[in-house]
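Student: I have a structure open and I'd like to learn how to read it. Can we go through a few features together?

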Amino acid sequence: MRAPVPVAAHTGSTAHKVWASKWLWQIQYFKLMPLNIADRLRQSAKSWPDQRAVVFPQGKDRLGRTSWTHLTFRQLDDESEQLAKGLVQLGLQKGDRIVLMVRPSLEFIALTFALFKAGAVIVLIDPGMGPRNVFRCLTDVTPKGFVAIRAVQVIRALRRKLFPEAKLNVTVGGKLPWGGPTYESLLAADTANITLPTTEPNDPAAIIFTSGSTGPAKGVLYAHRMFDAQVDLLREFYDIQPGEIDLPGFPLFALFNSAMGVTTVVPDMDPTRPANVNPKKIIAAIQSQGVTQAFGSPAMWNRIGRYLERHDIKLPSIRRILSAGAPVPPHVLKRMKAALNSNADIHTPYGATESLPIASISGSEVLGETVEKTRHGAGTCVGQLFPNVTVKIIEIVPEAIATLDDAKELPVGEIGEIIVQAPSTTREYVDRPEPTAKAKILDADGQGFWHRMGDVGYIDESGRLWFCGRKAHIVETEAGRLFSVRCEAIFNEHPKVYRSALVGIGKPGSQVPAIIIEPEDGHFPQPNAEDSFRHDLRELGQANELTKDIHLILFHRSFPVDVRHNIKINREILAVWAENNVFGNQHAMWKQMDPKLPEAKPS
């Protein structure tokens, strides 16, 4: 075992804390001590037994005010312990894959910790990805059972042939017509003689599916040590203190809160539709509960920020806002910063389902230092790396890379593929050896591994990481590569542009670039105004070396986006839409704009 190497301290941590954290992680990694992420809840229950752990909006009182219910840390720990023993009594075995499909609630959080305590592997899927994709993901993991709401259990029963091994099924929210165990029956069970299993650091804890924004959704296997590492990284980096109050727009973040002694306020929103959030409900929850931290996608904060600005509302209780899933546009940062106290900020952690967190940058740093570079095509700065996280930039290649010796590392400032190594980096996709081989790179000594983020970017002279787009979204022209985020930033400077998307028409190596524009509300051009709008955009593009060869400009009313954050643009769908548009009845017009456009639609 290699000795741990001390690293520089980051915000809210000290060098000896980071060193100790890495030492503990290495001890756990090599299975020298047991570990279950639910142990963090047990510790919170001992340290802060009467503090509210989870607060939930139960409904409205007779005056229309929100009524709240809650569990303390002691109550949450006791309830999850009883549920865990009830599940073991029903026959749950350590390592069984159990699908959890319960709406954000007290029950969701209690069941999450109960399944961890029982040694289960929790399967989490975004229902927003649609029935076909959900069924494909579920059949991929061969679950042993479902802990789910009534509607899901009915569908499971009707499609039972798809899940032949799903024998352990618990209904949340009432009984089914044919009976079966329920949340309430687990709480009422006599479990005095039940012993919960012991788990090790590398034992699987959860399967979390990627959003599928750039390909089929894949199940990412999390071990207990990875969740444990995430808790330490987030707590130390952002200086999160016990007793704080968090409003998470992503339900699983309640896991981190309970592990840090932080109260979770469950927001009144559909977590699968953050772009449609009701700002008034979120603001009311922040104000009534004294929320100090809130997490959500950029789409969520875009909607809330516009409301705050329009009604001149401030959020004085907030110490920090976190936003992830995609780069946060500067206009969102400005609006949210304007609503906070001077000592508060909005932070953007960078990472992925397979490795989170990696880097982070504050809104103050973006607006004060990096935004001007971004506007001129430098990419989006995602900040300094977290402690114990190592990033390399390697030459972009499409094929799998067996070991790090087979990769060419690039120098500072040169754009390449981003790879990462960290305590929270996952090792594999579930039962998907080919995607795993393409996404993972073994260390030269064969002891560790690296994850290929699927993103491209570079590291600057001060050690900050810059994001230039997804590798799958590179447009390969005869003149060279165009990177989506760099080019789109040029056109996003137009005041009538909400966002843009770069796509390529044709075969890689000879693609014709096109920029697709989604205008701000109320600014979609009428047919007689398209030419004027397009002329202004083309002038913007011509003034920058990166975009001077982009001649095709199309308008789209509403971009297709990912189901999880409602912010990642699905450029694959837009590329097909653009080709159909360009090779339609007006092909001659588009050909006149860019003579390199093929005569016929590429096969």
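Predicted model: local features only at pLDDT ≥ 70, side-chain atom pairs only at ≥ 80, totals over all residues.

Student: Which strand pairs with β11 over 4 bridges?

Tutor: That's β12 (residues 320-323), again in the parallel sense. Here Q293 stands opposite R320 of β12. To get from β11 to β12, the chain passes through helix α11 (residues 298-311), and this β-α-β crossover is right-handed.

Student: Which way do the residues of β11 point, and are they buried or exposed?

Tutor: Q293 and F295 point one way, A294 and G296 the other, and all are buried.

Student: Now a helix. What span should the 13 residues of α16 have?

Tutor: Count 1.5 Å a residue, and α16 (residues 530-542) should span 18 Å. Its end C-alpha atoms are 18 Å apart, so the model agrees with that expectation.

Student: Which residues of α16 are buried?

Tutor: They are F533, R534, L537 and G541. Look down the axis of α16: these buried residues fall within an arc of 95 degrees, so they line one face of the helix. Among the elements covering them are α15 (484-491), β23 (497-505) and α18 (587-593).

Student: What about charged side chains?

Tutor: The general idea is that side chains of opposite charge can pair when their charged atoms come close. In this model the count is 39 salt bridges.

Student: Where do R306 and E520 sit in the chain?

Tutor: R306 is in helix α11, while E520 is in the loop between β24 and α16, 214 residues apart. Their side chains meet in a salt bridge at 3.5 Å, N to O.

Student: How do I decide whether a residue like R464 is buried or exposed?

Tutor: Buried means under 20% relative accessible area. R464 has 10% relative accessibility, so R464 counts as buried. R464 also forms a salt bridge with E369, with the closest N and O atoms 3.1 Å apart. R464 lies in the loop between β19 (449-459) and β20 (465-470) and E369 in helix α13 (residues 363-375), so the pair ties together parts 95 residues apart in sequence.

Notes:
Residues numbered from 1 in each chain as written. Heavy atoms only, no water. Buried < 20%, exposed > 50% of the residue type's maximum accessible area, 1.4 Å probe, protein only. Helix = DSSP H or I, 4+ residues; strand = E, 2+ residues; numbered from the N terminus. Pairing = 2+ DSSP bridges. Right-handed = clockwise from strand over helix to strand, strands pointing away. Expected span 1.5 Å × (residues − 1). Arc of directions from axis to C-beta. Contact = heavy atoms within 4.5 Å. Salt bridge = Lys/Arg side-chain N within 4 Å of Asp/Glu carboxyl O.
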